Amino acid sequence: MSNRPAVVMPGENLLPSDADVDALVRAEHGDPFAILGPHADGDGLVIRAYLPNALGVEVLDRSGANALGSMEQGQVPGFFVTRLLHPQPYLLRIRWAGGEQITEDPYSFGPQLGEIDMHLFSEGNHREIGRVFGSQVVEVDGVAGVRFAVWAPNARRVSVVGDFNGWDGRRHPMRLRFPSGVWELFIPRLQPGDAYKYEILGPQGVLPLKADPVALATEHPPGTASVVARPLEYQWRDADWLQRRKALQAYDAPMSIYELHAGSWQRADDDRLYDWHELAERLIPYVVEMGFTHIELMPIMEHPFGGSWGYQPLSQFAPSARYGTAHDFATFVDACHQAGIGVILDWVPAHFPTDAHGLGDFDGTSLYEYDHPFEGFHQDWDTYIYNLGRTEVHGFMLASALHWLREFHVDALRVDAVASMLYRDYSRKDGEWIPNRHGGRENLEAIDFLRHLNDVVASETPGALVIAEESTAFPGVSKPTSEGGLGFSYKWNMGWMHDTLKYIQEDPVHRRYHHDKMTFGMIYAYSEYFVLPISHDEVVHGKGSLIDKMPGDRWQKFANLRAYLSFMWTHPGKKLLFMGSEFGQWREWNHDRELDWFLLEEPDHRGAQHLVRDLNRLYRTEPALHQLDSDPRGFQWLIGDDRGNSVLAWLRRDAEGRPLLVIGNFTPVVREGYRVGVPQEGRWQEIFNSDAQCYGGSNVGNGGGILAEGTPAHGEQYSLQLTLPPLGVVILRPLG
């Protein structure tokens, strides 16, 4: 065997230029792989490492058992170099003041992302960004570690920083993949749970440390670092649910949605937020007992400011650490599915907050946002607006939507603030907005994005829904894209919500003057596929809770609440109710405290809760209340014009034409002998009465049923002479 040494001392020919070393020291070198790591040198191998504050470095063979020699200091402290006589895999043994570290050299690994990944990302069509970009726990050449990839095309240098390198941007500068503008680096031996950020040298200098746009986990707020996530290897048990989901969410199926804020539905005795496991134990049985088909979670993507309720998210791929890990959230969704409950997530592609560690000015330029404030800044919310016309941003948001639907088996996304996306002049004065290329007010890039989103979701996650919160008269929101629409599954019916809430807040003596607010919704009820929303937005910011909007004394307030919810549940359209409204919470919702569950000790609050439970049961078991929601055959006015008595009556029909009769009396006056036309003779059974004693009502009704008379009325051959309870809604079904 030869006794020749494995390494030789460096000569000047092994050292890079002083300018290159100086750029490394200043953390301004844009191509660290050109200097650092192994480089062929004839039959040998030159190894260079820049390890600021290291006391010394040895080169070991890959087994770590044999020292190949010591590295010598180059031009500056911390810059080390040596030459192996023969190329071979190696480790570095680094001596720090605090101890010794043995690791593979990050700069000994080649490019990480494939050309197909780069190409798909650049054209905005990479559907699995969450599995490729950000920090991914991987094994490269048999070495375990973490691969980082981040898009920052205008950066002069990007480094990964964290506890593992003392947050020193000189230690782990990344490789730029031209022309995509993606920077990447594989760091051996990092572990899930390691916190990190990116230090970016932009055109004008070093930026505040940036969180990872594609982080799969984050620190618990107020911490703002990204966290290396353990791969989500959850064993799902919801195959049966997913197989049935399309039918359960179809236009002819009942959908009753319980909207909630995960941090304030209930809390632990010490006011601690429940994690996903604790929520599952308490929330799911409650939702099942109440008869809701779905829950809708206000945004659970990580957000720095809790007071935004999640609507200012910065991590579009990471569930908030407030409630646990991604695995915990998957467990929650799985438990919902096994209990027969669908899960809808609020998702925010319209805007993002201006926090320095976030997406704004990400690489020193307006990368994710429009550059001009007339396009890129929301004055209402002090947030940036995504530039969805940029292919990479378009693809980033598209992949975010698919991430929640695919990785977490979520059943629907409710897209927040769609109206603000559709119009460039949204909430702007003349002279404060920039027209589109045709001189119009529509945001063509956002419209293209929404259409693409809905087409992709339909093809890649069959049975999943995308629901628009959209408050304008923009045509075809829920019309297929093939017919020129936006392609959403459903649209929130904001007009119905505003009109009917305005009506129910009027003193009953004045309701005759506002009668059309209860009937107008049927004029356009079939123009879209609608969800009727009584959401969190209606019970905050001084608007009062739902029960507190009601006029009259305490009894009348509860009667009005029961009548209003009964009207909503029997009106065409899917239902959405915000938590607390189902039992008449008096206080406005406050995200910092749990709902006032103690109110259920009082009979009228329990009565309201039982009413919602029974409405959900009726809604699900009576096909007439849901089967023809989007078909004019499913609804018929009998009495729509009795404004003098504030009475409304209508028929709901199922696909076989079988009717249910609904009558609402919106005054606190009992109406005896009120005649209503019906299409069938025989006995009609009263199957629901919002004034029933069990709901806290006065128990005025029709003795469980009434016989139809041969007296024609309201265009029908038969009629009923009914007793209408005060501020009440009754439902009758023909027997036989």
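**Reading a helix pair, a buried valine and a sheet**

Me: Which residues of helix 5 and helix 15 meet?

Reply: This is a predicted model. Tyr 286, Glu 289 and Met 290 in helix 5 meet Gln 609, Val 612, Arg 613 and Asn 616 in helix 15. Sorted by class, the contact has three nonpolar, two polar and two charged residues.

Me: How do I describe the packing of two helices?

Reply: Two packed helices are described by the angle between their axes and the distance between the axes. Here helix 5 (residues 276-290) and helix 15 (residues 603-621) pack at about 70°. Their axes are 8 Å apart. The angle therefore makes helix 5 roughly perpendicular to helix 15.

Me: Is Val 287 buried or exposed?

Reply: Buried means under 20% relative accessible area. Val 287 has 1% relative accessibility, so Val 287 counts as buried. Val 287 is found in helix 5.

Me: What does Val 287 touch, not counting residues up to four places away in sequence?

Reply: Val 287 touches Tyr 258, Phe 292, Ile 295 and Ile 341. As for Ala 326, it lies 39 residues from Val 287 along the chain, and their C-alpha atoms are separated by 22 Å.

Me: How many bridges join strand 11 to strand 14?

Reply: Seven bridges join strand 11 (residues 143-151) to strand 14 (residues 182-188). The two strands run antiparallel. Gly 145 stands opposite Pro 188 in strand 14.

Definitions and conventions. Residues are numbered from 1 along each chain as its sequence is written. This is a predicted model: local features need pLDDT of at least 70, side-chain atom pairs count only at pLDDT 80 or more; totals for chains, interfaces and linings use all residues. Side-chain values use heavy atoms; hydrogens and water are left out. Axes are lines fitted to C-alpha atoms, for helices over the stretch in contact, and angles run from 0 to 180 degrees between N-to-C directions. Helices (H or I, at least four residues) and strands (E, at least two) are DSSP runs, numbered from the N terminus. Angles under 35 degrees count as roughly parallel, over 145 as roughly antiparallel, 65 to 115 as roughly perpendicular and the rest as oblique. Contact means heavy atoms within 4.5 Å. Ala, Val, Leu, Ile, Met, Phe, Trp, Tyr, Cys and Pro count as nonpolar, Asp, Glu, Lys and Arg as charged, and the others, Gly among them, as polar. Buried means under 20% relative accessible area, exposed over 50%, partly exposed in between (1.4 Å probe, protein chains only). Two strands pair if DSSP finds at least two bridges between them.
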